[in-house]
Amino acid sequence: MATLSDRLDHLLGVKAAEPLADAFDMHTVEDLLRHYPLRYATQGQPLTQEQPEEGAHITVIGRVTKTELRPMKNRRGRLLKVALDTGSDAPIDITFFNGDKVSYLVREGVRAMMSGTVHWWRPDRWNLSHPDYLILPEKEDGSIENLTSVRGGGALRGLAQSAKDKGGVDISFFEREYIPVYPATAKVQSWDLLACVRQVLDQLDPIDDPLPSALREDRALMKVSDALRLIHLPERKSDIEQARERLRFDEALALQLVLAERRHDAQARVARPCPPRSDGIAAAFDTRLPFELTEGQQQVISEISDDLARSHPMHRLLQGEVGSGKTIVALHAMLQVVDAGQQCALLAPTEVLAAQHYRSLRAMLGDLGTAGELGAADQATKVVLVTGSMTAAAKKAALLDAVTGEAGIVIGTHALIQDAVEFFDLGMVVVDEQHRFGVEQRDALRAKAKAGTSPHLLVMTATPIPRTIAMTTLGDLETSTLTQLPRGRSPIVSKVVPRKQHPNWVDRAWERILEEVAAGRQAYVVCSRIGDDEENGKGGRNSKKSKSAPEKEGPTTAAAVEVFDLLRTGPLASVRVGLLHGRLPTDEKDQVMRAFNDGDIDVLVCTTVVEVGVDVPNATVMVIVDADRFGVSQLHQLRGRIGRGKHPGLCLLITDAGPTGTAMARLDAVAATTDGFELAVLDLRQRREGDVLGAAQSGTARTLRLLSLLDDLEVITAAQELARQVVESDPGLHQHPGLASMMHAAVDSERIEYLAKS
């Protein structure tokens with residue numbers, strides 16, 4: 001007999017267990033049983049989606065309705081072209097390269113199972129090339145006979161032969177009403193997984209359910225032992241629905257337990273309180289503000305102020321639309337910490353953004369940010385910048401200011417995490433664009449506080465996060481949201497420019513830029529890649545190819561370097577055009593950005609290096625070239641760089657996408673609304689939730705298999721409540737070994753870390 005914690009190599013043997021470990025990181029019985037079927041199919045129906053993805057490995061069952069042997073064009077031998085009727089609208093095209101060898105088995109009228117890789121060869125047609133196959137003998141009534149001899153080829157033949165020899169899975173299994181179809185690879189096919197699952201279930205001991213019986217009864221959840229059997233081998237549709245309901249709750253609870261433990265750990269730490277002062281730098285900053293804060297900003301400042309005054313560390317997420325005023329809120333919090341005699345670190349994902357923060361904070365503080373300089377205010381603090389590419393002398397001076405406590409605010413990139421960076425008394429860490437940093441990076445910076453204490457933590461994002469996603473991915477953080485735009489922000493109009501259908505509209509886009517520049521304003525032109533050697537050949541489909549590489553037809557994209565040369569010598573030759581991308585030396589990037597800030601550059605051709613944090617109020621136009629190559633949230637972030645002053649913004653999305661495809665629909669949706677939360681939901685639906693949560697770093701499995709982050713708010717809320725109760729009474733889950741095991745099997749902790757970075 002077997003338990004959930006038993007090793008697969010002991011139970012199945014090394015030969016069967018090793019491929020599961022390599023392909024899916026499965027090591028225990030529970031790992032295998034929580035690899036749920038993607039879908040179910042019945043005899044005569046396709047065991048896949050109607051339109052599977054290019055490269056997907058699928059299995060189908062159907063009847064051969066037509067066969068044709070055709071000579072190969074460039075070599076000896078003949079192809080066998082097969083039409084397989086699976087009960088869908090159109091037959092599936094099958095191609096066998098060794099046609100003469102299989103034509104005597106794959107004949108018109110036979111019923112067969114075929115497993116192979118999908119290739120789309122026309123927009124509306126796909127086929128399987130040289131699949132594994134198994135001929136299914138039939139009784140007079142059309143049901144499948146048990147195999148007395150195995151006829152077929154490839155892995156399916158081997159599986160059937162193995163099952164027949166061992167007396168295990170026989171072909172009658174395919175008469176079941178619901179046949180499970182698993183996430184698979186070319187080396188570990190669905191039927192390999194099915195054979196392993198059945199072998200394990202045949203030996204499984206009764207399972208002690210980790211969920212309290214009262215909770216199961218209240219939510220009408222079946223026992224986990226029943227759910228794990230019926231999700232794989234259902235007899236009725238209701239079996240599938242009830243099993244999924246139980247296992248969906250398990251997934252939600254597993255996630256929430258991870259986050260509840262993090263939350264508990266944070267609350268157990270000690271932080272030095274930073275109560276607000278009426279006579280400090282924060283109060284002085286408030287009196288100098290040249291504008292009135294929104295109600296939302298005032299409310300969030302109050303929430304953060306209360307957190308900072310407590311003796312355990314703040315652990316808060318500040319999210320808000322592009323331009324909603326998060327920086328002012330964060331600066332106010334940092335000044336409250338400085339008033340308490342402590343230091344703040346602001347961590348930015350790029351050097352461009354770190355330098356931008358440094359300039360903007362210095363500008364907002366004025367003489368309050370120039371401590372040690374002539375003319376500094378009495379309450380002033382010092383603001384310093386630390387990046388990896390600074391000169392040795394500049395970095396040494398900044399590090400000295402940090403370690404002596406002269407600098408109240410230290411701004412930097414990953415360079416702040418290095419061992420060489422020390423603080424005199426770090427009281428608060430602010431992380432901008434939190435999705436660019438992992439949990440371990442945040443922890444490394446927090447570890448720089450004085451022994452026995454933890455700094456307060458504020459993470460910011462301009463990427464709107466729907467409530468269910470915030471609860472599921474950032475449930476260890478309290479959340480504050482800014483929904484109002486500050487007074488003075490101008491509206492942004494977005495338009496799609498279909499280049500193929502209306503090439504003259506592209507000319508008009510450049511004319512609009514010239515009109516704005518003539519009126520004294522500035523513009524961005526954003527490209528999806530840099531160009532030249534495209535980071536030593538890593539740039540994608542349009543990067544330079546070796547002479548021996550075959551030319552491939554396909555969509556091309558415009559590179560920033562090429563567009564820069566084209567515009568400055570062509571449509572925009574009469575204005576000042578600059579170039580900014582990530583491969584420029586740091587001093588050159590800073591010089592270009594400063595020139596654009598100062599108005600010495602009219603049009604900035606760039607990559608997504610300007611996606612976050614760049615603030616040039618005079619920029620009113622953005623042209624995004626090959627806009628279909630960007631995600632929904634990324635497009636929303638990019639256009640947030642314009643309309644930041646008193647003049648309205650115009651965002652033009654140039655694309656070669658067809659008028660009826662999903663890419664055009666996505667661009668139309670972006671153009672139709674500036675509601676970032678609405679677009680975040682659209683982005684999630686289009687990218688698929690498994691991708692958003694970080695399909696396993698190996699790319700072989702999804703973190704969430706059954707739980708929907710968009711549709712399962714009630715389940716997530718209930719799981720969060722239970723998880724927090726359990727962890728509060730039993731940190732570490734020592735008294736709940738079943739929950740601990742479920743948490744580690746249902747949600748891989750490494751993927752949770754990946755999720756925090758994705």
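Predicted model: local features only at pLDDT ≥ 70, side-chain atom pairs only at ≥ 80, totals over all residues.
**Ground rules.** Local features need pLDDT of at least 70 and side-chain atom pairs 80 or more, while totals for chains, interfaces and linings use all residues. Residues are numbered from 1 along each chain as its sequence is written, and side-chain values use heavy atoms, with hydrogens and water left out.

**Whole chain.** I looked up the secondary structure and got 27 helices and 23 strands (DSSP runs: H or I of at least four residues for helices, E of at least two for strands, numbered from the N terminus). Of the 758 residues, 54% are buried (under 20% relative accessible area; exposed is over 50%, partly exposed in between; 1.4 Å probe, protein chains only).

**H19, residues 560-569.** I checked which residues are buried here: Ala560, Val561, Val563, Phe564 and Leu567. They sit on the same side of H19, because their arc around the axis is only 165 degrees (taken from the directions from the helix axis to the C-beta atoms). Exposed Leu566 and Thr569 are on the face turned away from that buried side. The buried residues pack against helix H17 (503-518) and strands S19 (522-526), S20 (577-580) and S21 (603-606); contact means heavy atoms within 4.5 Å.

**H21 and H22.** I then looked at helices H21 (632-639) and H22 (662-672), whose axes come within 10 Å and cross at roughly 40 degrees (lines fitted to C-alpha atoms over the stretch in contact; angles run from 0 to 180 degrees between N-to-C directions). Val632, Leu635 and Arg639 of H21 meet Arg666, Leu667, Val670 and Ala671 of H22.
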